[in-house]
Amino acid sequence: CCSLSPAMESSEVESDILRRVRALLRELDGHHPSCHSDRGMLRWTLHKKIDQNPSTSCVLVRILVKELERAERGDLRHYIIPLLHTLMYTLIQAPCIPDELCARVYDFCKRLLTLPKPFCTIGLDYASRLKVERTAPGTLYQRMVISEQSLRSAPYPFQERIFIFADPELLPEAVCSALVTDTEAARVSQSPQGCMSCVVTHALQAALGDTCDIHGLRARLQGLPPGDVEHWFQQVVAAVECAGSEGGSERGQHTARLERIYHGLLGSSPAGNAPQEGLQGTPLPNPNISFHLWTEDEQLWKELVLFLRPLSQSCEPDCLGQDPDPLEIQDILPDCACCEQSRFSVLSTDSGIERDLPAQEEPCAPCAPCAPCAPCAPCAPCAPCAADTEHSRLHRKGGIKKKLSPLDSVAFLQAGSGGPGGKPPGKLPRRPGKPPEPAAPLRRLHTARVVLLGDDRILGRLAQAYHSLRKRETRRVFLTPRLNLQFYHIPVVPGQPRPSDAADHAGPEELCEVAGYLGRADPWYESNINTLCHMIPKLATMPSLPSRALATDLFLTDVIAYYARMGTQPVCFQVHAVKVLFRDPAQEPAEDVFLTELLTQVQDSPSHRELGATKRKTTLDGPGIDLAVTYRKVVLSDREQELALALRSTGLLMKAIPADEAEERGCLSVTITEIIRISNLAGRSFSAVANRFKTRNIKIRSPERRPFMVRLDKDSRRTYRDVIGLEVSPCLEPSYCLQKTRTTKCSPHETEDVGLVKYLPKSLLLPINTFAGVIQ
């Protein structure tokens, strides 16, 4: 179905594309072009060239297949995943690809199943997609547009959204403004009707090839009202999904079905009269991207809840848009008609005290008449009725009335459960003798792709928010069974760091340890994402062009979309929990989590009462404070070896990110600066020695109760002062802790995990997506 003109098949075009592909491979080898400004833009310029001339997509696919087969023969595995991602991204957008090319790619993906991870994982994913695409051409394009634009479609009801989170205190205002402008321009440049037209056009051209009059089809769709466009869109989606599903029809039947839709759409226009101008591509619409300035701790959870159940579908924006005063919640919720019915089933209006319960409205049944007796004798008291007896046995446990925000209310969450994949709002009474109907399993129809923009400090905030979200889901599950949550990280370092940040860190590499590790583990992430570290601030300060408002060349939006679409392999980082003990006995210990590092330093502000004694003792013992350190040493045999140290130190640094991708994730590399006193003929002197070891659990105490300072994840806002002790250990999954507590109550003598606990993940891991994961 793909017939190229002689000009397009010329050796000049093919050699130009081959030169660009070879430049990508040289970049993977570390041999970057002489012009460093091109680094990170080779892939983008290659795909843009294909978008401008869609007829060359067949040439690019053929070249990429040859390079993949050459890399397989030469055992150049670091080429395979980047070439495969480039090929699949081209194949999704290509107007029409010959089946023999798709068959070669499909066979190559099947051969990847014999390789270790991540090659076999990516090969299996792409092989399953290609199998569907070969049966029903255009399926991958159609599904991507439907999910990213949240178009209503019964055969494929999946929805996706990209959330960009940036900390306004960590990024310059120019960067935030540029991203707001780009995302808004990408959103305004397209409409649901236009996206539906793209799906119809691409599906018909992928099935009919050169016989499809693409210009007449576009003109016809532009002249139709929105209702008619949606009608033809639903017709095409049903036909493609029917053929692409398991057990679907053959490719010839699929082509015949779409040809009938094509004739019905164009009316009397005869087939085969399309102008011979080659294949005309259908551009892939920009995904649904929303930009958020991270100003509240619970903002991530709120945005995910609103994505599952928008306010327009549950309550009016003025009803739940702002968090009202807790005393006004009971007055607000009854006014909302959609929440009123759910409110009666989840909210209690009484105080919980038995004497405050309302009296029985219905009178009890009349007692049986007393037996006749003498006129002067009074009647015996009646026996208490059954209702009074039951009421006298009523005992209620004490409780607290908790005031929740509207987004926290169970009524709102139950309203959100009524959508696709959610629980029904209520149970219908079943007839006696009829077996209960099995509950339909929940499906994850929504995918939230959260892109974190910044350095390691915003990832520390993400670890906090993710831990809070997991704890909330343990208490009341709502997001987990309905939402597929994906995390992405784009490093951005401002050009001029603030004085406080510059004093703490020597260079930008210290602020982007996570991105550096991901770049070493995945070369394609290094080429396409890590290069944005310094490029984004430069692009933000460039003067705006007229084309920027028209969304023609939105480089940042295109790169973020490519990363979110093709980056599906997670790298999991261990989140560590820290318990901070303060000098003041009345102050409760603080519990927090960190992802990258923990730093302790001697506090420089002792009280005036102890100032003289501290100076005299420091003169004798040297700088620093005495510390008692207890830790479990990590050894190769994986046996626990508990050690204890008593030393004098000026501070320590715990690194949670491995310095090399071959090292095990989940260990802490601890460096303690120990002060050693040296006595010689000249007197006493002191030297600093670095003690280094690896551990997973560590406890630190100050026997003299001298305070020190603790800072988490390189963020000066997360600093604890007047600390005399801390405990660090791997953060446990909240669901594991809850189930472990229940098991311990039932079997208090059991020391090992039994029952359901054995099958739950023990550690809390933060997954960050890359293109290949960790390549072994």
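Predicted model: local features only at pLDDT ≥ 70, side-chain atom pairs only at ≥ 80, totals over all residues.
The chain runs to 776 residues, and 46% of them count as buried. It has 28 helices and 15 strands. Take the contacts with a separation of 6 or more: 77% of them link residues 24 or more positions apart.

**Helix 1 against helix 24**

- On the helix 1 side, the contact uses Leu-24, Glu-27 and Leu-28.
- Helix 24 answers with Pro-523, Trp-524 and Ser-527.
- Sorted by type, the residues of this contact come out as four nonpolar, one polar and one charged.

- Four strands make an open sheet with the order 2-1-3-4, and the pairing is parallel.
- Strand 2 (289-293) and strand 4 (483-491) are the edges, each pairing on one side only.
- From one strand to the next, the twist averages 20 degrees.
- Strand 1 (residues 159-166) pairs with strand 2 over five bridges, in the parallel sense.
- Strand 1 also runs parallel to strand 3, and eight bridges join the two.
- Strand 3 and strand 4 are parallel as well, with nine bridges between them.
- Ile-162 is a handy landmark: it stands opposite Ile-289 in strand 2, and its bridge partner in strand 3 is Arg-449.
- Further along the order, Ala-448 stands opposite Leu-485 in strand 4.
- Helix 13 (residues 299-308) lies across strand 1, strand 2, strand 3 and strand 4, and runs at about 160 degrees to strand 1.

**Strand 3, from both faces**

- Strand 3 spans 446-454, and nine of its nine residues are buried, so the rest of the structure largely encloses it.
- In a regular strand, side chains alternate between the two faces of the sheet.
- Here, His-446, Ala-448, Val-450, Leu-452 and Gly-454 point one way.
- Thr-447, Arg-449, Val-451 and Leu-453 point the other way, and both sets are buried.

**Helix 7**

- Helix 7 (residues 139-149) has 10 of its 11 residues buried, so it too is largely enclosed by the rest of the structure.
- The buried residues include Thr-139, Gln-142, Ser-147, Glu-148 and Gln-149.
- Leu-140, Tyr-141, Met-144, Val-145 and Ile-146 are buried in helix 7 too.

**A buried glutamate**

- Glu-597 is found in strand 8, which covers residues 597-602.
- With a relative accessible area of 3%, Glu-597 counts as buried, because the cut-off for that is under 20%.
- What does the side chain of Glu-597 make a polar contact with? Its partner is the side chain of Lys-655, at 2.7 Å.

Key: Residues numbered from 1 in each chain as written. Heavy atoms only, no water. Pairing = 2+ DSSP bridges. Axes fitted to C-alpha atoms, helices over the stretch in contact; angles between N-to-C directions. Contact = heavy atoms within 4.5 Å. Nonpolar A, V, L, I, M, F, W, Y, C, P; charged D, E, K, R; others polar. Buried < 20%, exposed > 50% of the residue type's maximum accessible area, 1.4 Å probe, protein only. Polar contact = N/O pair within 3.5 Å; in protein donor to acceptor, adjacent residues only side chain to side chain.
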